[in-house]
Amino acid sequence: MQKLTKVSERIYYLPPVQETDRPILGAVVGDEKTILIDAGNSSNNAKLFLQQLKGIGVEADLLVLSHWHWDHVFGMRDISVPSISYIKTYEKIKEMQSLSWEDKDLDERVRAGTEIPFCADTMKKEFGDERDIQVQLPTIVFEDRMNVHLGGVTCEIEHVGGDHSSDSCVIYIPEEKALFVGDCLYANMYAEKWNYTVKNTLKLIEQLEKYDADIYFLSHHPAPLTKEAFQSFLQLLKNCALLTKKHAGNRGAIRQEMVENLQRDLNEEELETITFFVNGH
């Protein structure tokens, strides 16, 4: 079972579950208020988080969403506090409210290309035959950025976009030097082939590099990343983006130059990242 993990007196998180696509859920505890980061992919996911927080004496006052994808918002109905989102996130969630989540309707949307098999499959695993899914709308929306003061600690919420979802936001806690990145650094999955684009990736990296953080939470990484590990991940994306641009999406040329630069064979993550950039070229 997922177990609440303490990072500091101010920050806790519930680890992700790959099999059913549960993301990291975060809690930032101030002297006056506590804000949750993302609502989880189901009532069970949200309830588990709330129960474990209650077990250490923490009650939620606010919720902020990193983006609109189902695995980050379907737990909202069970988190009965004011919720915050970027304006485009609100609009995408509103569109979701009219959809059915039964197997036949999910399968039809997969065939039509408006849903992806990965999400449909993990949704079925998370919910089983119980599909009482009620998509809730955020109660507070913002444009570009918003700051929330919790008492002794601050959450700086900023829209950053990216290929994974154009509404993606990050949540920065300057007093803790912590950055919740959400899914913004992952590839675009709502495409015929999963992909990164050079333009969006380089713009996103430039935005993320301005944050002075020591710990980074990526929603589907099993544990937070150190500054060194995060910078290494950004460098991989930057290298692949620049080589994709240089070689006009030629996979062989990109791979050869990267091997020469690193003076070793490429690992699985590097090869996959090259593929995603070639797909997006």
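## Two loop residues

D144 lies in the loop between β7 (140-142) and β8. Its phi is positive, about 75 degrees, although D144 is not a glycine. Most residues other than glycine have a negative phi. Strands here are DSSP runs of E, at least two residues long, and helices are runs of H or I, at least four residues long, both numbered from the N terminus.

K177 sits in the loop between β10 (169-173) and β11 (178-182). The phi of K177 is also positive, near 50 degrees. K177 counts as partly exposed because its relative accessibility is 31%. Buried means under 20% relative accessible area, exposed means over 50%, and partly exposed falls in between (1.4 Å probe, protein chains only).

## Basis of the model

The model is predicted: local features need pLDDT of at least 70, side-chain atom pairs count only at pLDDT 80 or more, and totals for chains, interfaces and linings use all residues. Residues are numbered from 1 along each chain as its sequence is written, and side-chain values use heavy atoms, leaving out hydrogens and water.

## The sheet

Six strands form an open sheet with mixed pairing, in the order β8-β9-β10-β11-β12-β13. The edges are β8 (145-149) and β13 (225-226), each pairing on one side only. Two strands pair if DSSP finds at least two bridges between them.

β8 and β9 (residues 154-159) run antiparallel and are joined by 5 bridges. In β9, E158 is the bridge partner of R145.

## Two nonpolar cores

The largest nonpolar core has 35 residues, and L36, F49, L63, F74, M96 and W101 touch the most other members. Such a core is a set of buried Ala, Val, Leu, Ile, Met, Phe, Trp, Tyr and Cys residues joined through side-chain atoms within 4.5 Å. Elements supplying at least two residues each include β2 (11-14), α1 (43-55) and α5 (117-127).

M96 touches W68, W70, V73, F74, W101 and V135, leaving aside residues up to four places away in sequence. Contact means heavy atoms within 4.5 Å. A second, separate core of 34 residues includes Y196, Y216, F230 and I274.

## The α8 and α9 pair

Helices α8 (residues 251-262) and α9 (residues 268-280) pack at about 145 degrees, with axes 10 Å apart. Axes are lines fitted to C-alpha atoms over the stretch in contact, and angles run from 0 to 180 degrees between N-to-C directions.

From α8, the contact uses R251, I254, R255, M258 and L262; α9 brings E270, L271, I274, T275 and V278.
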